[in-house]
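Here is a short report on one protein chain. Please look over the sequence and the structure before reading on.

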Amino acid sequence: MASRRTFIKNASMATLAMATMPTVPILAGGAGKGRTARRGKGMTLTFEPYELKLRHVFTVATNSRSTTPDIQVRLDYDGVVGYGEASMPPYLSKELGTVDSVMDFLGRAARVLESYSDPMMMEDILSEVDALDTGNAAGKAAVDIALHDLVGKLMGQPWYRIWGLNPGKAPSTTFTIGMDTPEVVRQKTRECAENFNILKVKLGRDNDREMIETIRSVTNLPIAVDANQGWTDREYAIDMIHWLASQGVVMVEQPMPKDRLDDVAWLSEKSPLPVFADESIQRLCDIQRLKGAFTGINIKLMKCTGMREAWKMVSTARALGMKVMVGCMTETSCAVSAAAQLSPAVDFADLDGNLLISNDRFEGVRVVGGKLTLSDLPGIGIRLKR
């Protein structure tokens, strides 16, 4: 443990240095009352609540839900429109915000955006938006995504190309199978086994082995597992990981509670599988303290405030020799396609949030033969469904 602490102490400053590299309603008949920034010389932000409806009840170690609160965002400038999104699963309200708090935040962000006459000043704009509040990460992500979409359209290029990434290197995405009865798990596994190359399984309860064995009765596809902090005893956790490795599992996400980094470091040292942080990481500033505890990090736009910071997190993690995963919440193709712009630069992708809902407003990144297939549309690569 001493070597991990020594590394963090010596490398933290260097790591931070490396990282710094006409108004219309959004929805026709949408739920809730939208707000519109007043007109000015700059950009006009419009936003409105939108409830995401899941195709199936979604269960993880700590909760179940059939809907997810969401806010859809539109950013207008000189006849060009950028789209963004804030998704706020209730169990993450402390980090991401609530519908009310994010709506209030977006009202303040709208005044910042209208004060800028040049959307290309992204660093200044997003730094000022970030400084408005210490929380409401999902609201910050919504503004960030909409601005990236707008600027990419003004440049006529998708962001993966602006970043210099090869879309052919985008990985296969996992498809998540939530906790349920063996019969339902087998049914869900059959439904997705023909269309995906890797599955993701939620663990962390007392039926972990049953979940894996049920899936293995249907398919031999590789599996990524997410324990959602559900294992509290490190001896049990390492025994489970060794057993999971024998069952064709290829990675483990957040096996233990987020603050028990010494236990996770012990686990990662002995684990035959890479161990990724999820709940343990939010933003760029968290990465240094995780070096030596986790093998890699899972970057989610809703937690890290959007594409600007996510790109810096990829660079920082790589500089520290860590693996990278890009994930999502339950989201429309707007936020999922924004995250997918990063996908050619990562080791694992868990970008199935749009596939889990029944009321997606957008078309964007697709899954073809199990692999993420990026659109060549400019910006974040989306269009509204007709």
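Is Leu-154 buried or exposed, or does Leu-154 count as partly exposed? Its relative accessibility is 37%, so Leu-154 counts as partly exposed. The cut-offs behind that label are under 20% for buried and over 50% for exposed. The model is predicted.

## Overall make-up

The chain has 386 residues, and 60% of them count as buried. Its secondary structure consists of 14 helices and 18 strands.

## A nonpolar patch

Leu-154 belongs to helix α5, which covers residues 137–155. Together with Met-120 and Met-155, Leu-154 makes a nonpolar surface patch.

## Salt bridges

How many salt bridges does the structure hold? The count is 22. Among them is the pair Asp-180 and Lys-188, with N to O at 3.7 Å. Asp-180 has 30% relative accessibility and therefore counts as partly exposed. Lys-188 has 13%, so Lys-188 counts as buried.

Asp-263 takes part in a salt bridge with Arg-234. The closest N and O atoms of this pair are 3.3 Å apart. The bridge links distant parts of the chain, 29 residues apart. Asp-263 sits in helix α10 (residues 261–270), and Arg-234 in helix α9 (residues 234–246). Asp-263 also meets Arg-260 in a salt bridge, here at 2.8 Å, N to O.

Which of these side chains are buried? Asp-263 counts as buried because its relative accessibility is 19%, and the cut-off for buried is under 20%. Arg-234 is at 28% and so counts as partly exposed. Arg-260 has a relative accessible area of 30%, so Arg-260 is partly exposed.

Some bridges join into a network. Lys-200, Lys-202, Asp-226, Glu-253 and Asp-350 are linked in this way.

## Aromatic pairs

A pair of aromatic rings is described by two values: the distance of the centres and the angle of the planes. How many aromatic pairs does a search of the whole structure find? The search finds six. One of them joins Tyr-83 and Phe-362, with ring centres 5.4 Å apart and planes at 65°, so this pair is edge-to-face. The angle is the reason: planes over 60 degrees apart count as edge-to-face.

Tyr-83 counts as buried because its relative accessibility is 11%. Phe-362 is at 2%, so Phe-362 counts as buried too.

Trp-231 and Tyr-236 make an edge-to-face pair as well, because their planes stand at 80°. The centres of these rings are 6.2 Å apart. Trp-231 has a relative accessible area of 2% and so is buried. Tyr-236 is at 38%, so Tyr-236 is partly exposed. Elsewhere, Trp-159, Trp-163 and Trp-311 form one aromatic cluster.

## Charges over rings

Two arginines lie over aromatic faces. Arg-209 is placed over the face of Trp-243, at 4.6 Å from the ring centre. Arg-361 is placed over the face of Tyr-50, at 6.0 Å from the ring centre.

## A buried loop residue

Where is Thr-305 found? Thr-305 sits in the loop between α12 (301–304) and α13 (307–319). Its relative accessible area is 7%, so Thr-305 is buried.

Which residues does Thr-305 contact, leaving aside its neighbours within four places in sequence? The contacts are Ala-137, Lys-140, Ala-141, Asp-144 and Arg-283.

Definitions and conventions
Residues are numbered from 1 along each chain as its sequence is written. This is a predicted model: local features need pLDDT of at least 70, side-chain atom pairs count only at pLDDT 80 or more; totals for chains, interfaces and linings use all residues. Side-chain values use heavy atoms; hydrogens and water are left out. Patches are made of residues with over 30% relative accessible area and no salt bridge: like charges are joined within 9 Å, nonpolar side chains (Val, Leu, Ile, Met, Phe, Trp, Tyr) within 5 Å. Accessible areas come from the Shrake-Rupley method with a 1.4 Å probe; for residues, only the protein chains shown count as cover. A salt bridge is a side-chain nitrogen of Lys or Arg within 4 Å of a carboxyl oxygen of Asp or Glu. Helices (H or I, at least four residues) and strands (E, at least two) are DSSP runs, numbered from the N terminus. Buried means under 20% relative accessible area, exposed over 50%, partly exposed in between (1.4 Å probe, protein chains only). Rings of Phe, Tyr and Trp (its six-membered ring) pair if their centres lie within 6.5 Å; planes under 30 degrees apart count as stacked, over 60 as edge-to-face and the rest as tilted. A charge sits over a ring if NZ of Lys or CZ of Arg is within 6 Å of the ring centre and within 35 degrees of the ring normal. Contact means heavy atoms within 4.5 Å.
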